[in-house]
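Reader: I have a model on my screen. Please show me how to read its features.

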Amino acid sequence: RYIVLSSTAVTRPKSLGYIFTDMSVGGIMGEKRKGEEGVMKEFSGATKSSYTIVRPGGLEEPKMNVVQGPPALEVSQGDTLAGIIS
């Protein structure tokens with residue numbers, strides 16, 4: 001199995017998360033999307049191989065020393081959620 005670590009909002013170029021990240025890191029969101037598309041194309045006819053694209057949200061310091069941890073994680077399919085975990 002091939003795993004791609006990308007970013008949330010990578011398929012939503014008009015979203016605040018995409019715009020902020022893209023501006024902060026010099027066009028990285030477009031490059032991440034190109035990478036995802038390349039993997040999808042490469043594996044499109046594969047029968048014995050597979051891939052997974054992981055699109056994590058942000059990571060921040062705990063507020064008031066409260067660590068949210070794994071119970072606060074949200075998992076979904078596609079690119080629909082956006083959030084931050086500490």
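Author: Start with Y51, which is partly exposed because its relative accessibility is 29%. Buried means under 20% relative accessible area, exposed over 50%, and partly exposed in between (1.4 Å probe, protein chains only). Keep in mind that this is a predicted model, where local features need pLDDT of at least 70, side-chain atom pairs count only at pLDDT 80 or more, and totals for chains, interfaces and linings use all residues. Residues are numbered from 1 along each chain as its sequence is written, and side-chain values use heavy atoms, with hydrogens and water left out.

Reader: How many aromatic pairs are there?

Author: A pair of aromatic rings is described by the distance of the centres and the angle of the planes. Rings of Phe, Tyr and Trp (its six-membered ring) pair if their centres lie within 6.5 Å; planes under 30 degrees apart count as stacked, over 60 as edge-to-face and the rest as tilted. By this rule there are 2 aromatic pairs. F43 and Y51 form a tilted pair, because their ring centres are 5.6 Å apart and their planes stand at 50 degrees. Ring pairs join Y2, F43 and Y51 into a cluster.

Reader: Which residues make the nonpolar surface patch?

Author: Nonpolar side chains (Val, Leu, Ile, Met, Phe, Trp, Tyr) are joined within 5 Å, like charges within 9 Å. Accessible areas come from the Shrake-Rupley method with a 1.4 Å probe; for residues, only the protein chains shown count as cover. Here I3, L5 and V54 make a patch of about 300 Å². V54 sits in strand β2, residues 51-54. Strands (E, at least two residues) and helices (H or I, at least four) are DSSP runs, numbered from the N terminus. V54 is partly exposed, because its relative accessibility is 36%.

Reader: Is S7 buried or exposed?

Author: S7 is buried, because its relative accessible area is 12%. S7 lies in the loop between β1 (2-5) and α1 (16-24).

Reader: What does the side chain of S7 join?

Author: A polar contact is a pair of N or O atoms within 3.5 Å; within protein, one must be able to donate a hydrogen and the other to accept it, and residues adjacent in sequence count only if both atoms are side-chain atoms. The side chains of S7 and K32 make one of 2.6 Å. Contact means heavy atoms within 4.5 Å. Leaving aside neighbours within four places in sequence, S7 is in contact with M29, K32, V54, R55 and P56.

Note on methods. Patch = residues over 30% accessible without salt bridge, like charges linked within 9 Å, V, L, I, M, F, W, Y side chains within 5 Å. Salt bridge = Lys/Arg side-chain N within 4 Å of Asp/Glu carboxyl O.
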